[in-house]
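Please look over the sequence and the model below before reading the report that follows.

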Amino acid sequence: MGRKFNVAVVGAGLVGKKMVEVLIEREFPFNKIKVLATREREEHIAGRIFKVEKTTVEGFDGIDFAFFAGTEGEKGASQEFGWKAVEKGAIVIDNGGDFRMHPDVPLVIPEVNSHHLKNHKGFIANPNCSTIIMLMALAPLHKRYRIKRIIASTYQAVSGTGSKAVEELDRQVHQYVKKEQLTKDVYPHTICFNVIPHIGNLSEQFPGYYSEEVKMILETRKILDCPEILVSATCVRVPVFNGHSEAITVQFDSQPDVDECRKILSAAEGVKLVDQPENAVYPCPIDVSGSDDVFVGRIRKNSAMENALDMWVVGDNIKKGAAQNAVQIAETMIRMNLI
Ligand SMILES: NC(=O)c1ccc[n+]([C@@H]2O[C@H](COP(=O)([O-])OP(=O)(O)OC[C@H]3O[C@@H](n4cnc5c(N)ncnc54)[C@H](OP(=O)(O)O)[C@@H]3O)[C@@H](O)[C@H]2O)c1
C-alpha cells in the first residue's frame, strides 16, 4: 500500500468545497481531510458531513498537504497562515494571488511546467483561473512554434468571484422575472443581462489595466519562463454561472500550420478539441462546466496579423481553473517524490 497523506483544506467556499469533491473524485491518497474556515460549523460536501474548524496555526500540526482556498489579501488565510503552515511541515498549495509572483514560490500548471516543482520551499501557488485555461491551450503550441505575443479577451463566469456572486446573479434573475427592483452587493453594476469590463483593482504597474488582466500578463511569463512574451488582456465578467471563455489571438515566431496545431491540441493532455464551425460545434461554458479538461475551438489563421492564430478556449474555472489544478499539483509532487 502506498503512503497516505493528512490533508487540510482552508476555506469552505466554492473552491474549498470543490477541492474536497475533487480529492474524493480523483481518489487522492488521503488519511483524512480536515476543513478549516473562519468559524466552526458543519458543512455537507460530496455527500459527507464535515465538521469545519476555525483556522489556527496548531490546526496544521501533522498535516502533509494544506490546500488554501480562503479569501485573498491582508486578512486572508494565506497571508495569515500560509507560511506558518509550511513551518509546521505542511506543503501549502495556494489558490489565491498573494504569493504567485514570489521568487521562492513555483507557479504551476502540472501539464505545462511541473519541472518548476523541483527545489520547492514548501509553498506552491496555483495560477489564476484565466491564466490556467489560456495556457492549457497555448503551451502545447508554444513548444512547436514559439509564442511572441498574446491578445486575450475573457468572458468570465460569476463563480470566479465566489459564492456571494453566484447568489447575486441568481437573485437578480429572479428579481428580473418578478419585475422587481434589481439589488446589487458584489459587483459595481448589475450583472444579470449585462457584461462588466472590470475584474480586480486598477493596476499601478500597467496603467489602465485591472489586476485580473495583469495576472494574465505576469503569470504567463513566469509559467512559460519567457519574460519577453508580450501579453495584453481585457477581462470581462459575464452573466454565466460557471465556466470561463476566452477569445485568444496568439502570434508566433513563424507561421503556424492550422492543421498541425489542431493535431497538437488533440494530443495534448487535459485538452479537448471541439472544432467543427460548419456544424455550429465549438465549446460553450454551459457544456464545459463540470469537466476536467480545457476545450478549444474556432481555430483559424488570423486575417490581420502575420504568424498568428485565433482560437476560442473554455474551461471550468472552479475545477481546472482552481481546485483540480491544485490537487494535480499535489499528485505530481507525490509522483516526483518531492514530499
Ligand atoms: N472562484 C474561482 O474561480 C477561483 C479561481 C481561482 C482561484 N480562486 C481563489 O480561491 C480562493 C477562494 O475562492 P472562493 O471562490 O472559494 O471564495 P469564497 O466562496 O468567497 O470562499 C472563501 C472562503 O475563505 C474562508 N476564509 C476567508 N478568510 C479566511 C481566513 N482568514 N482564514 C480561514 N479561512 C478564511 C471563508 O470562510 P467562511 O466560510 O468561514 O467565511 C470561505 O469559506 C480565493 O483566493 C480566490 O481568489 C478562485
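## Terms and basis

A residue is called buried when its relative accessible area is under 20%, exposed when that area is over 50%, and partly exposed in between, with a 1.4 Å probe and protein chains only. By that definition Leu141 is buried, its relative accessible area being 0%.

This is a predicted model, in which local features need pLDDT of at least 70 and side-chain atom pairs count only at pLDDT 80 or more, while totals for chains, interfaces and linings use all residues. Residues are numbered from 1 along each chain as its sequence is written, and side-chain values use heavy atoms, with hydrogens and water left out. Helices (H or I, at least four residues) and strands (E, at least two) are DSSP runs numbered from the N terminus.

## Strand E10 and its partners

Eight of the nine residues of strand E10 (residues 244-252) are buried, so this strand is largely enclosed by the rest of the structure. Two strands are said to pair if DSSP finds at least two bridges between them. Strand E8 (residues 147-156) runs antiparallel to E10 and is joined to it by eight bridges, with Gln251 of E10 as the bridge partner of Arg149. E10 also pairs with strand E13 (residues 308-315), again in the antiparallel sense and over eight bridges; here Val250 stands opposite Leu309 of E13.

Asp310 lies in strand E13 and is buried, with a relative accessible area of 12%. Its side chain makes a polar contact (a pair of N or O atoms within 3.5 Å; within protein, one must be able to donate a hydrogen and the other to accept it, and residues adjacent in sequence count only if both atoms are side-chain atoms) with the side chain of Asn302, at 2.9 Å. Apart from neighbours within four places in sequence, the residues in contact (heavy atoms within 4.5 Å) with Asp310 include Ile248, Thr249, Arg298 and Ile299.

In helix H7 (residues 258-267), Val258, Cys261, Ile264 and Leu265 are buried. Seen down the axis, these residues fall within an arc of 115 degrees, so they line one face of H7; the arc is that of the directions from the helix axis to the C-beta atoms. They pack against helix H4 (129-144), strand E11 (271-273), strand E12 (294-301) and E13, whereas the face turned away from the buried side carries the exposed residues Lys263 and Ala267. At the start of H7, a side-chain oxygen of Asp257 comes to within 3.3 Å of the backbone nitrogen of Asp259.

Leu141 belongs to helix H4. Leaving aside neighbours within four places in sequence, Leu141 is in contact with Phe252, Cys261, Ile264, Leu265, Leu309 and Met311. The C-alpha atoms of Leu141 and Phe252 are separated by 9.1 Å, although these residues are 111 residues apart along the chain.

## Helix H2

The buried residues of helix H2 (residues 77-87) are Ala77, Ser78, Phe81, Gly82, Ala85 and Val86. They cover an arc of only 140 degrees around the axis, which puts them on the same side of H2. What covers them includes strand E1 (5-10), strand E5 (65-68), strand E6 (91-94) and strand E7 (123-125). H2 is followed by Gly89, whose phi is positive, near 100 degrees.
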